[in-house]
Amino acid sequence: MSLHAGPSPHYVASPHQTYGLESEENQWTVSPTTPVDSTRLVPIPRPYTSDPQPEHQPSFASHNGGFMFVSPNPYQPPSPGSFQQVASPILSTATDQPLLDNALGYSQQPPFPNNNNHGQASSSLVLGQEKNPTSEPFHWWWWWEIASAVLSITSMCLVIAILFSVRDKPLSSWPLAIQPNSAIAILTTVGKAAMMVAIASCISQLKWRHMQQKARPLYDLQVFDDASRGPWGSLVMLTRFTLGSFLGWSLAIVTIAALGIEPSAQNILNFELHQVNLTNVTAEMAVAQNYFSKAFAQQNDQVEGTTVITRDLPRFQAAILNGISGQMLEPSFTCPPPAVNCTWPTFKSLGMCASFQDVTEGVNRNCSTPKGKWDFVKNCTYTDIPGWFVNRTIHDHDPVLGYQNADAANGLATKTQTLLSNFDVPSFATWKWLIIRHDDYLWPDLETPPWPRIFVANFSFCEKTYRGIERAAQNLNSPTQNTIGEISSQPLHVTFSKEDTEEVSNCQLNGNPCLQYTSADKSVMYNITTTLTRSLGAQIREILNRDGYAYLKGSSQAAGPPPATAMNVEYLLQDTPDLGTIVNGLADTLTNLIRNNETGDNLLATSIKGTAFGREQFVIVRWEWLILPLLETVLASVLLVICIIMTRSTKTGERLPQLKTSVIACFAYPTTGWNEEEMTFQGKQTTEKLEELSKGMTARFEPDEKGRWKFKRV
């Protein structure tokens with residue numbers, strides 16, 4: 001454009017047109033050398049001077065295809081450095097020129113020199129810049145992405161540190177108010193968000209490199225932009241580009257795989273209930289080394305062998321009955337909450353041992369009819385019973401049972417004996433129990449009654465060794481299986497002050513004489529009062545010595561047990577299939593009576609301390625679930641470095657503009673080679689129509705001869 005000199009304000013038209021400016025006295029005419037549809041004159045500031053100015057401000061009027069410049073208003077000089085704003089953007093009518101030529105930094109210099117008299121420098125209008133042309137915005141390069149990658153790596157390092165600090169440890173040891181799984185969830189979320197910042201920028205920057213490498217449809221820009229926004233766009237990118245862009249593929253895969261970071265983080269920690277040792281809870285188990293009975297107590301001033309009647313005797317008798325009926329007394333122990341179970345080390349205690357055997361085959365029997373009785377009445381004597389008083393000097397009689405034949409009775413017989421229970425105390429160290437029982441008492445076709453089964457049980461004080469004892473805590477809503485562990489026993493031997501005599505040692509328990517027992521290895525000495533060795537067996541004999549009968553057909557109901565019989569143990573002995581359970585139940589009950597104080601019979605019972613265990617949540621780290629978040633973080637950081645290197649410059653050496661996710665760049669770098677009709681479509685303006693249009697527009701992103709980057713049609 002050419003301007004003719006004059007003192008008037010200065011205007012420039014669009015840089016794509018050429019104009020002539022002519023002066024006719026007070027009128028100025030702008031005559032375009034090339035016909036145009038419209039023009040815009042852009043005012044350029046000029047320095048204020050003291051030169052004479054025109055009296056009127058010029059204006060424009062159309063005249064004969066050109067423009068007439070008139071001055072109807074008085075001229076108002078502009079203030080120094082002022083600008084007049086343009087009401088609308090500059091338009092270009094050339095189809096082979098960009099929509100905005102050199103929009104980043106293009107300027108028109110004023111045609112007039114600086115006014116040195118006033119020291120005012122002329123200024124130029126730069127589109128998109130502030131008033132001061134020397135200031136430039138700070139260039140962030142890749143620092144935001146690098147910082148986000150550092151933040152992502154830091155978050156993952158903190159997650160690993162937390163995992164190492166809590167693994168295989170109780171949850172109660174965690175020092176923070178926030179739970180470790182919540183802390184891991186927060187850190188993985190922060191790490192993922194920071195990682196996606198770098199990935200989005202890399203994918204966005206790759207689209208400019210993608211278009212610069214060779215001519216491609218403009219629609220690829222949209223594909224890359226969608227991939228930078230999330231997994232769905234990344235999946236579309238994978239299906240569209242196959243392996244054409246390996247780096248883009250890798251970034252898209254990382255974006256899709258990032259969907260599994262949160263689920264993986266939720267599965268890293270697992271919480272399991274483990275048993276822990278409770279040092280503030282005391283567990284105790286009853287044990288006895290001395291036996292001073294509460295039921296058969298003896299005062300110091302009484303004659304030896306006498307006892308004091310106490311209320312503990314009925315309790316003792318009840319415990320015996322419960323024991324042989326299957327409801328044995330348990331040893332006393334304490335395992336208080338919050339403990340859930342308690343264990344005890346191996347320990348030894350005084351107890352009662354029993355042996356039980358069927359001796360029927362070794363027994364002899366002699367049956368005869370009593371004098372003055374019918375032939376269907378028989379008395380049978382059982383002799384030579386193995387294990388039953390072989391020494392006749394101690395016991396001088398054999399058991400006798402009386403029988404009656406039911407069919408031969410003709411209504412005269414009432415009952416026939418079916419059971420004999422004989423408990424005796426041959427010595428202070430051994431008790432014996434003889435049971436003779438008929439399971440079938442009928443003998444209609446025989447001259448003598450059928451043979452019974454004969455059992456002998458032996459009881460004696462012994463040393464019991466307990467190993468692996470475990471008990472559930474009291475007052476638990478859910479029952480826990482008790483572990484009895486291994487129990488072994490060995491007999492005890494009475495020690496005397498003189499060999500081969502029954503003279504007792506100088507043992508004393510609470511001022512009462514006692515007997516001392518020791519095991520074979522003589523590691524422990526046990527003391528039992530002498531009164532107890534006599535009274536205890538005698539009391540059990542009163543309970544267990546019974547005869548059982550079967551009442552025959554036609555017998556009177558009055559022939560049953562007399563009302564004075566308080567405990568009908570014979571019924572239990574007759575109906576129990578396995579008599580061995582009764583024998584063992586009696587021995588275990590006596591053992592627990594000896595071991596217990598409050599619930600038992602031993603005033604001198606003590607206890608042994610054990611270990612109490614409670615349940616506590618422990619943190620279990622499942623490292624396999626950390627693989628995906630860790631791998632994603634590492635890959636994202638590596639791909640960021642590769643992207644920085646690959647997008648730094650082009651193959652021809654030009655520095656590729658670092659535009660990343662910029663939307664403004666699409667306006668700043670125009671498309672060339674298409675006319676207006678090719679870039680427009682009729683009807684409703686939609687995204688889908690634009691995408692279809694862009695798929696047919698192939699271009700390459702490259703600089704022109706002046707170094708200005710454009711999308712050039714290919």
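Reader: Which residues does Thr465 touch, not counting residues up to four places away in sequence?
Author: In this predicted model, and leaving aside residues up to four places away in sequence, Thr465 touches Thr346, Phe347 and Lys348, and also Glu486, Ile487 and Ser488.

Reader: And where does Thr465 lie?
Author: Thr465 lies in strand β22, which covers residues 453-467.

Reader: Buried or exposed, that Thr465?
Author: Thr465 has a relative accessible area of 8%, and because buried means under 20%, Thr465 counts as buried.

Reader: Switching to helices: how do α1 and α11 pack?
Author: Helix α1, residues 143-166, packs with helix α11, residues 627-646, at an angle of about 160°, and their axes are 10 Å apart. That angle makes α1 roughly antiparallel to α11, since angles over 145 degrees are counted that way.

Reader: Which residues of α1 and α11 make the contact?
Author: From α1 the contact is made by Glu145, Ile146, Ala149, Ser152, Ile153, Met156 and Ile160, while α11 brings Pro629, Leu630, Thr633, Ser637, Leu640 and Ile644. Sorted by class, this contact of α1 with α11 has nine nonpolar, three polar and one charged residues.

Reader: Left-handed or right-handed, the crossing of α1 and α11?
Author: The crossing in which α1 passes α11 is left-handed.

Reader: Then what about α7 and α10, at what angle do they pack?
Author: Helix α7, residues 312-324, and helix α10, residues 579-595, pack at an angle of about 145°, with their axes 7 Å apart. The crossing of α7 and α10 is right-handed.

Reader: Which residues in α7 and α10 meet there?
Author: Phe316, Ala319, Ile320, Gly323 and Ile324 in α7 meet Ile582, Gly585, Leu586, Thr589, Leu590 and Leu593 in α10. By class, the contact of α7 with α10 has eight nonpolar and three polar residues, with no charged residues.

Reader: Now the sheet with β18, please: in what order do its strands come?
Author: Three strands form an open sheet in the order β17-β18-β19, and their pairing is antiparallel. The edge strands, each pairing on one side only, are β17 (364-368) and β19 (400-404). On average, neighbouring strands of this sheet are turned by 25° against each other, with direction ignored.

Reader: How many bridges join β18 to β19?
Author: Strand β18, residues 377-383, is joined to β19 by five bridges, and the two run antiparallel.

Reader: And what stands opposite Val377 in β19?
Author: Opposite Val377 stands Gln404 in β19.

Terms used. Residues numbered from 1 in each chain as written. Predicted model: local features only at pLDDT ≥ 70, side-chain atom pairs only at ≥ 80, totals over all residues. Heavy atoms only, no water. Pairing = 2+ DSSP bridges. Helix = DSSP H or I, 4+ residues; strand = E, 2+ residues; numbered from the N terminus. Axes fitted to C-alpha atoms, helices over the stretch in contact; angles between N-to-C directions. Parallel < 35°, antiparallel > 145°, perpendicular 65-115°, else oblique. Left-handed = near helix turned anticlockwise from the far one by under 90°. Contact = heavy atoms within 4.5 Å. Nonpolar A, V, L, I, M, F, W, Y, C, P; charged D, E, K, R; others polar. Buried < 20%, exposed > 50% of the residue type's maximum accessible area, 1.4 Å probe, protein only.
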